[in-house]
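This report describes one protein chain for a reader who is new to structural work. Please study the sequence and the structure shown here before reading on.

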Amino acid sequence: QVIESHDFRKDQTLIIKREGMLDLFKFLRDDSRLLFNFLMDLTAVDYLKKKPVRFEAVYHLYSLKYNHRVRIKIPITEDDNVVDSLVPLWLGANWYEREVWDLYGIKFRGHPNLRRILLYEGFKGHPLRKDYPINKRQPLIGPVN
């Protein structure tokens with residue numbers, strides 16, 4: 001499951017395959033030696049033309065009992081930009097996943113309500129992608145009744 005790992009200033013990072021990711025996250029959360037029971041953050045990075053795989057989903061976990069952290073990165077291709085939702089393991093992943101979908105266009109398989117959270121439904125594109133046109137005009141929306 002682990003592709004690569006490294007440690008920087010006592011912060012552990014694992015780069016993993018997306019296949020079987022739910023089993024790994026469940027293990028990290030439930031194993032009594034680890035207990036990474038708090039999903040601190042979930043975001044994404046767009047490496048447009050800087051890495052062979054365009055996107056990474058990035059998860060930050062924290063163990064309240066042991067006071068340690070781990071960062072999990074999952075490479076995601078532009079053509080198949082889907083990962084499993086962590087909502088079944090952490091309900092708080094709901095809003096993080098919606099934000100990543102909204103801003104980067106990465107889909108979360110099994111998410112209960114994957115829709116925009118920061119931008120309006122008629123917004124075209126995903127503005128944190130590196131190839132998003134900076135001067136793109138969006139459709140105007142009127143007052144909602």
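## Strand pairing in the sheet

Gln-12 in this predicted model has Val-70, a residue of β5, as its bridge partner. Helices (H or I, at least four residues) and strands (E, at least two) are DSSP runs, numbered from the N terminus. Two strands pair if DSSP finds at least two bridges between them. Strand β2, residues 11–16, pairs with β5 in the parallel sense, and four bridges connect the two. Ile-15 stands opposite Lys-73 of β5.

On the other hand, β1 and β2 run antiparallel and are joined by six bridges. Phe-8 has Asp-11 in β2 as its bridge partner. The hairpin of β1 and β2 has two residues between the strands, and Arg-9 in this hairpin takes a positive phi near 50°.

## The sheet as a whole

In what order do the strands of the open sheet lie? The order is β1-β2-β5-β4-β3, five strands in all, and the pairing is mixed. Because β1 (2–8) and β3 stand at the edges with a single partner strand each, one side of each has no neighbour in the sheet. On average, neighbouring strands of this sheet are turned by 20° against each other, direction ignored. Such angles are taken between axes, which are lines fitted to C-alpha atoms (for helices over the stretch in contact), and run from 0 to 180 degrees between N-to-C directions.

Helix α2, residues 93–104, lies across β3 and β4 and runs at about 10° to β3. In a regular strand, side chains alternate between the two faces of the sheet.

## How the model is read

Residues are numbered from 1 along each chain as its sequence is written. The model is predicted, so that local features need pLDDT of at least 70 and side-chain atom pairs count only at pLDDT 80 or more, while totals for chains, interfaces and linings use all residues; side-chain values use heavy atoms, with hydrogens and water left out.

Lys-73 lies in strand β5. Is this residue buried or exposed? Lys-73 is buried, because its relative accessible area is 17%, and buried means under 20%, exposed over 50%, and partly exposed in between (1.4 Å probe, protein chains only). Contact means heavy atoms within 4.5 Å. Not counting residues up to four places away in sequence, Lys-73 touches Thr-13, Leu-14, Ile-15, Ile-16, Tyr-47, Glu-56, Ala-57 and Val-58.

Lys-73 also forms a salt bridge with Glu-56, and their closest N and O atoms are 4.0 Å apart. Lys-73 belongs to strand β5 (residues 68–76) and Glu-56 to strand β4 (residues 55–63), so this pair ties together parts that are 17 residues apart in sequence. Glu-56 counts as buried, because its relative accessibility is 5%.

## Salt bridges

A salt bridge is a side-chain nitrogen of Lys or Arg within 4 Å of a carboxyl oxygen of Asp or Glu. How many salt bridges does this rule give? The count comes to 12 salt bridges.

The side chains of Asp-46 and Arg-54 meet in one of them, with an N to O distance of 2.8 Å. Asp-46 is buried at 3% relative accessibility, and Arg-54 is buried with a relative accessible area of 6%. Salt bridges that share partners join Asp-46, Arg-54, Glu-78 and Asp-131 into one network. Asp-31 and Arg-33 also meet in a salt bridge through their side chains, at 2.7 Å from N to O. Asp-31 counts as buried at 14% relative accessibility, whereas Arg-33 counts as exposed at 60%.

## Positive phi in the loops

Most residues other than glycine have a negative phi, and most peptide bonds are trans. Which loop holds Lys-49? Lys-49 is found in the loop between β3 (38–46) and β4. Phi of Lys-49 is near 65°, a positive value in a residue other than glycine. Lys-49 counts as exposed, because its relative accessibility is 81%.

Asn-67 lies in the loop between β4 and β5. Its phi is near 55°, again a positive value in a residue other than glycine. Asn-67 is exposed, with a relative accessible area of 54%.
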